[in-house]
Amino acid sequence: MGSDEPETQPRQAIHDSTAPSTDTRDSRIGEGVDDRFNSKLREAFGASPFILTKFDEFMNWVRGNSMFMLQFGIACCSIEMIHTYAIKHDVDRYGAGVPRASPRQADVMIVPGTIVSKFGPRMKRVYDQMPEPKFVVGMGSCTISGGPFQEGYNVVKGAEEIIPIDIHVPGCPPRPEALIYGILKLQERIQNGESSPVVVKPYELEEFGDLPEDELVQKLADEIDEDDLVMRYNWADSP
Amino acid sequence: MSTGLEETSDAETVDVTEAELEALIGDRALARDEHENAPGFVVNPDEVQSVLGDLKDEAGYDHLSCVTAQQYEDRYESIYHLKKYDDASDEVSIVVPTTRDDPVSESAEPVFRTADWHEREAYDLVGIEYADHPDLRRILLPETWQGHPLSDDYDQDKPQLVTLAEHENPLADDHHDAESDTMFLNVGPHHPATHGVLHVKTVLDGETIVDVDPDIGYLHRCEEQMCQQGTYRHQIMPYPDRWDYVSSGLLNEWAYARAIEDLADIEVPEYAQVIRTMGAELCRIASHMLALGTFALDVYGEFTAIFQYTFRDREVVQDILEDLTGQRMMFNYFRVGGVAWDLPEPREEFFEQTRDFLDELPAKVAEYNDMVTSNEIFQTRCIDTGVLEPDVAKDYGCTGPVARGSGVDYDLRRDDPYGYYEHLDWDVVTRDGCDNYARVLCRMEEVEESAKIIEQCLDLLEEWPEDDREVQANVPRTLKPDAGSEIYRAVEAAKGELGIYIRSDGTDKPGRFKIRSPCFSNLQALPEMTEGEYIPDLVASLGSLDIVLGEVDR
Ligand code: SF4
């Protein structure tokens with residue numbers, strides 16, 4: 001996290017174009033505390049009053065040492081993830097805890113597998129249900145690019161098309177050791193108050209009625225209600 | 001070799017010769033079509049039910065193992081791969097062509113219940129329509145999908161819309177129907193008991209389940225498309241590891257290896273077959289351990305003891321497999337015509353490590369029996385719940401421990417021998433309890449049988465003469481099986497019959513690559529097992545089916 005790396009502000013607005021966004025990647029390199037941490041207090045008290053900074057640091061330390069994981073199994077990588085939780089690798093040693101079955105009790109979501117079109121909206125929903133601040137570890141090449149299934153007609157080319165990801169752990173599947181390394185890196189980042197900014201991704205959940213009219217929307221107009229949530233995949237724009 | 005009950009119904013069926021088949025089908029056969037594995041008969045799209053019905057009732061072909069759909073330049077084709085539960089090597093294929101303009105063919109669902117999902121998949125991916133089908137809608141892809149991805153005019157770059165609307169809040173008022181007072185409940189797709197991303201739509205009347213509809217496709221990773229894009233020689237082999245990913249990798253690889261080796265006439269050296277057999281059985285143990293651990297987790301929330309114990313044992317197996325193959329899960333160790341390399345050096349160490357594991361296994365199995373299967377709570381939850389009668393199991397094309405737990409004595413390792421199994425001494429485990437408990441016991445006993453097999457393989461490998469350790473046959477750099485040759489071959493994977501259909505189009509890539517997944521058929525029987533039972537039994541039944549979504553959805 002050197003200071004000589006380019007600084008980019010996190011984007012909070014919906015993109016005009018549906019082209020894939022690289023903002024997350026760029027801004028992840030940005031430094032310092034961002035607004036997912038105590039932004040209300042920060043607003044009230046100004047930039048960095050002494051006591052608040054210390055309290056911030058304390059909070060971050062607490063957060064980093066008690067990360068509640070979401071129990072979230074998708075594909076092959078989840079088997080290695082279970083091995084990471086289980087005997088021998090025992091990720092609990094790092095305060096990373098027994099997995100929580102409910103997203104409302106979880107801080108960290110490990111995305112262990114291939115995201116396909118049908119699951120994308122569900123994953124987004126689960127992510128939205130987690131309380132702030134929340135963090136995501138992308139496990140395996142599938143969450144990076146679609147991995148071995150990158151060319152599939154039904155495969156989302158990386159989980160980052162849908163939700164922001166803090167740490168990528170490459171591998172197919174990554175060994176439990178690698179995942180632990182990733183979790184430790186995340187811990188480090190949380191303790192330093194860093195996180196990837198919330199960027200609106202190319203694939204958003206939107207109300208059907210809000211979509212621009214095109215051939216596809218017209219075709220489906222009879223089947224889908226105006227206010228149903230939909231996710232639109234523009235495969236041609238995918239990386 | 002069986003230890004359990006022999007199957008009684010249809011037991012008197014004898015081998016049917018090809019001439020008899022021809023006579024049985026008679027005029028309804030438009031032409032003959034030779035498949036490498038079985039005689040094929042081309043029939044009219046409106047005579048499917050009558051032909052399949054006759055084959056089932058009069059010739060004893062009671063196992064519809066797979067339905068393959070594909071598109072040719074001038075027609076669509078559905079192939080029904082039939083087998084017998086009594087004799088798995090007795091096969092016949094029924095080929096049903098339809099025109100491209102009007103791809104309608106009669107559904108086989110009234111004859112074989114299992115055709116329901118298979119035909120839905122064919123409709124979804126290829127676009128053939130089945131008249132008379134009870135519920136022809138998409139199964140793997142979202143309802144709102146446009147086009148059929150395995151048909152040749154599909155444009156992958158077109159945008160698609162997926163809705164979230166089906167996933168309504170189960171607590172909303174409108175889910176209570178005023179008259180019957182039932183409640184609609186979504187289980188999954190993100191739920192700890194579904195073993196992955198399965199969505200079960202359930203309708204409850206009080207605590208009793210009145211309707212169950214598994215909704216799959218949340219992990220449909222286009223495995224068939226991936227395999228159709230890869231070359232036979234090397235590019236396909238990594239994918240099978242990812243079908244049934246709970247460390248059954250080698251078993252899956254064997255399915256592909258067996259199909260392509262039979263298609264391209266490759267003779268695998270005996271030494272490699274022994275290594276394959278050993279590796280495959282190690283995988284079976286790892287897979288059954290996971291099944292047991294997660295099952296215990298499901299039925300009595302056992303995260304601390306059993307679950308961790310089974311994972312401890314899996315770690316040991318994975319270490320052995322890692323030494324052998326170089327990876328913990330995605331082995332990519334089989335090659336067309338053999339295996340990638342010989343046992344790791346020093347061999348003695350490998351033997352010792354594996355034998356240590358086998359020596360400790362009986363004590364561990366005893367421990368599991370102590371803690372799990374003889375546990376009273378466990379028994380209350382499992383005995384007489386999720387009952388699957390043998391006839392129903394057959395109708396749904398169930399295989400593997402699910403079928404054997406219902407007393408169906410069907411194991412391809414014995415019935416359609418491959419590898420080195422023929423020369424080894426082991427038993428097929430069957431149980432006639434038909435319930436969740438029987439299925440779990442079946443798996444536990446299979447672990448012991450697998451250990452027996454591994455032991456014998458180790459003996460053989462240890463004594464194998466050093467100058468005869470050939471691990472790979474001589475296979476040409478580019479494999480191009482004869483154009484038009486077709487084959488369906490299956491192996492006994494951890495979950496049941498894992499079959500591969502390959503049609504060669506004369507290039508170095510398959511023209512059609514179809515995967516018959518055991519979990520897909522087994523899961524289809526879920527409604528039969530759970531309707532009328534209590535909702536907690538749904539969780540137990542799902543656990544004892546031991547599905548892997550990667551394989552259900554492919
Ligand atoms: S990265 Fe590899 S192991 Fe992980 S989910 Fe994807 S295919 Fe499976």
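Trainee: How do you know that α13 (residues 436–463) and α16 (residues 535–545) of chain B are roughly parallel or roughly antiparallel?
Mentor: Their axes cross at roughly 25 degrees and come within 9 Å. Angles under 35 degrees count as roughly parallel, over 145 as roughly antiparallel, 65 to 115 as roughly perpendicular and the rest as oblique. α13(B) is therefore roughly parallel to α16(B). The axes are lines fitted to C-alpha atoms, for helices over the stretch in contact, with angles from 0 to 180 degrees between N-to-C directions. The helices themselves are DSSP runs of H or I with at least four residues, and strands are runs of E with at least two, numbered from the N terminus.

Trainee: What is the handedness of the crossing of α13(B) and α16(B)?
Mentor: α13(B) passes α16(B) in a left-handed crossing; the term applies if the near helix is turned anticlockwise from the far one by less than a right angle, and right-handed if clockwise.

Trainee: What makes α8(B) and α13(B) roughly antiparallel?
Mentor: Their axes cross at roughly 160 degrees and come within 11 Å, and the pair is therefore roughly antiparallel. The contact of α8(B) with α13(B) has 14 nonpolar, three polar and six charged residues. Ala, Val, Leu, Ile, Met, Phe, Trp, Tyr, Cys and Pro count as nonpolar, Asp, Glu, Lys and Arg as charged, and the others, Gly among them, as polar. α8(B) also packs with α7(B): the axes of α7 (residues 306–325) and α8 (residues 347–373) of chain B come within 11 Å and cross at roughly 165 degrees. That makes α7(B) roughly antiparallel to α8(B).

Trainee: How far may such values be trusted, and how are residues and chains labelled?
Mentor: This is a predicted model, in which local features need pLDDT of at least 70, side-chain atom pairs count only at pLDDT 80 or more, totals for chains, interfaces and linings use all residues, and side-chain values use heavy atoms, with hydrogens and water left out. Residues are numbered from 1 along each chain as its sequence is written, while chains are lettered from A and ligands numbered from 1 in the order in which they are written.

Trainee: What is the peptide bond from Cys172(A) to Pro173(A), cis or trans?
Mentor: That bond is cis, with omega near -10 degrees. Pro173(A) is in the loop between β3 (167–169) and α7 (176–191) of chain A. Most peptide bonds are trans.
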